[in-house]
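Hi there,

Here is the model I promised to send over.

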Amino acid sequence: MAETIGIDIVRYRPEKDGEPWLQHFEVPYEPDMSVLDALLYIKDELDGTLAFRWSCRMAICGSCGCMVNGIPKLGCKTFLRDYYPQRVQLEALEHFPIERDLIAGIDDFVVKLEEIKPYIIRSDERPVAEGPFTQTPTEVDRFKQFSLCINCGLCYSACPQYGLNNEFMGPAALALLHRYNNDSRDQGRKLRQPIVNAEEGVWSCTFVGYCSTVCPQAVDPAAAINQQKVLSLVDYAVHAGGLGDSQDEPS
Amino acid sequence: MSAGKPYHREVTRTWWLRNPFFVRYMVREASSLFVLGYSLVLLRALWALSEGPATYAAFLAALGSPWAIALHTLALLMVGYHAVTFLAMAPQTMRLEWRGRKVANTTIVAVEYAALVAVCGIVAAAFGVL
Amino acid sequence: MRRYQRSHEPVVWSLFGAGGMVAAFLLPVLILFSGVLMPLGVVDSTALSFDRARGFAGHWLGGLLVFSVISLSTWHAMHRIFHSLNDLKIGARRLRFMICYGCAACITLGAGVLVLTLQ
C-alpha cells in the first residue's frame, strides 16, 4: 500500500463561488516530492480544474508562491517530507486578493515595482564612445544582494504592515529602490527620494523583519528599508523637514 | 487583469496570533511597556529626590516591597529581551565597510555586546560593586 | 509620478533610535541593581543614598544623564506603543498620536523641570 499525504487546498472559482472553500486530496507520497509536484499530480490525476501558477520549478522564476500551512513559500522549494505525515494546507498568497484557487492578484505588487523607477537613471548621459561603465567588486557588492529579487511576492504576504494597509510600497519594491540607489552607475536617488520619504514609503515599516525571513533569495528587504530610513532621516534634516522642498513635481 | 470577482481576505485584529514569529514580534513591542514603566520609576525617584530625604527614603522603602521586587524582576527580563532584540536589529540599519568588504552583522553585534559589558561595568562601579 | 507627501516620522524615529540605544545599554543593569539586587540586600545600597543620589542628579552632567535616560526611553516606548496600537487595528490615529506623543512630551517636560530644580 503506497503512502499518501493529505493536501488541503483553499479553492475559489469566481464564476461559481461566493466564498473560498476547502477541498481535500490524498496524494501518493515520495520523500523527494515538492508541493508543486503534489499540485501537478492533483491537476493531472485528481481535479483538472485546480488553478495555480508555476514555471521554472527551480526557485528562480518566482511564479509558484503560496501559503503552506500559513507560511508564504515557493511551492517548488517546499518539500512534503518536512510535513509528512501531517496534512498540508495550501492557500493563495496572503494580503493579495484571490483571483482563482491558488492564483493571487498581484497587480498592486507589479504597480509598485514599476513606481520606484527600477532602472539606471543618469543626469549626465555617458556617450557610447566612452565605453562601458566599470565597477569595482566593492561597488558591485553594495547593490548585488538587493538585485537578486525574483519578484515572487512572498515578502508582501509576510509583511503585516502591507496586510493592514496596502498603500505601503512594500518590501520588494523598496529593496529594488535601494538596489538602484546603491548602484554606482545610477544618479536617480533624488527622483526616488519622495517615495522613500513618504508615509507609504519606508515609514510604514515597523521592522517586523518577517519579509527577510521568508525571502527565498536572501535579499534582506528589511535591511534595505531600514537603511533607507537612516537616509530618509538625513534627507529630512538636510531639507529642514520639508521647508527646503521645491514645489515642482520631479519629472 | 482580473477574472471578474477577486476575493478579498480581511486582516483581523488577531493576525499575529497565527504565527510564532509574529507573537515574538508582539512580545518585542510589548517590552517597550516595561521600558516606559521603569522610566516612570526613575521619574518618581527624581521627584522624591526633589521633595527631600524623607520622601526619598519612603520611595526606596517602597522599592523593597515584594510586589516591587517581583515587578522589577519581570521588568528586568522584558527590558533584557528589548535589549537583545534591539541590538540584533541594529546592524541591519547600516552598511559598514572594512577594506572594501561589508562588515558582517555578527561582528557588529559582537562589538555592541562588548560595549554593553563595558557600560554595565561602569554602572556597577558607580553602584560600588566593582 | 504621483505626488508623495514627506512624512514627519523621522523626527520621532530619531528619538526612538536614541531611546532604544539608551534603554538597551543602560536599563537592564539599572533595573538589576536598583530594582532587584539592592532591595533584596544582595548589594549594599549606600550608592543610592539621598546624599549620593542628590549629588549625582544635582551635578549638571548627572542631571543631564538622568534626564536623557528618562526622556529618550519614554520617546522610544511611546513610538512603539503608537505603532503597536496600529498593529492591533485600534484606530483613531490622530487621537492615538496625541495621547502617545503627548505623554512623552509631558514626561520629558516633567523630567526636565525636576532636574533643573535639583541643579
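**Chain B and its two partners**

Between chain B and chain C there are 10 residue pairs in polar contact, counting pairs with both residues at pLDDT 80 or more. Please keep in mind that this is a predicted model.

On the side of chain B that touches chain C, the elements giving two or more residues are helix 1, helix 2 (53-63), helix 3 (66-89) and helix 4 (105-126) of chain B. Helix 1 of chain B supplies the largest share, 18 residues. By class, that side has 37 nonpolar, 10 polar and 5 charged residues. One salt bridge is counted between these chains: B:Glu29 pairs with C:Arg80, with the closest N and O atoms 3.1 Å apart.

In terms of extent, 52 residues of chain B contact 52 residues of chain C. About 4,400 Å² is buried between the two, and carbon and sulfur atoms give 78% of that area. In chain B, the residues that lose the most area to chain C are B:Leu46, B:Phe86 and B:Phe127, together 15% of what that side buries.

Now for chain A. Here 24 residues of chain B are in contact with 37 residues of chain A, and the buried area is about 2,600 Å², with 51% from carbon and sulfur atoms. B:Tyr7, B:Arg9 and B:Gln92 lose the most area on the chain B side, together 27% of what it buries. The rule finds 4 salt bridges across this interface; B:Arg18 and A:Glu94 meet in a salt bridge at 3.3 Å, N to O.

Happy browsing!

Technical notes. Residues numbered from 1 in each chain as written. Chains lettered and ligands numbered in written order. Predicted model: local features only at pLDDT ≥ 70, side-chain atom pairs only at ≥ 80, totals over all residues. Heavy atoms only, no water. Contact = heavy atoms within 4.5 Å. Buried area = accessible area lost by both parts, 1.4 Å probe. Salt bridge = Lys/Arg side-chain N within 4 Å of Asp/Glu carboxyl O. Polar contact = N/O pair within 3.5 Å; in protein donor to acceptor, adjacent residues only side chain to side chain. Helix = DSSP H or I, 4+ residues; strand = E, 2+ residues; numbered from the N terminus. Nonpolar A, V, L, I, M, F, W, Y, C, P; charged D, E, K, R; others polar.
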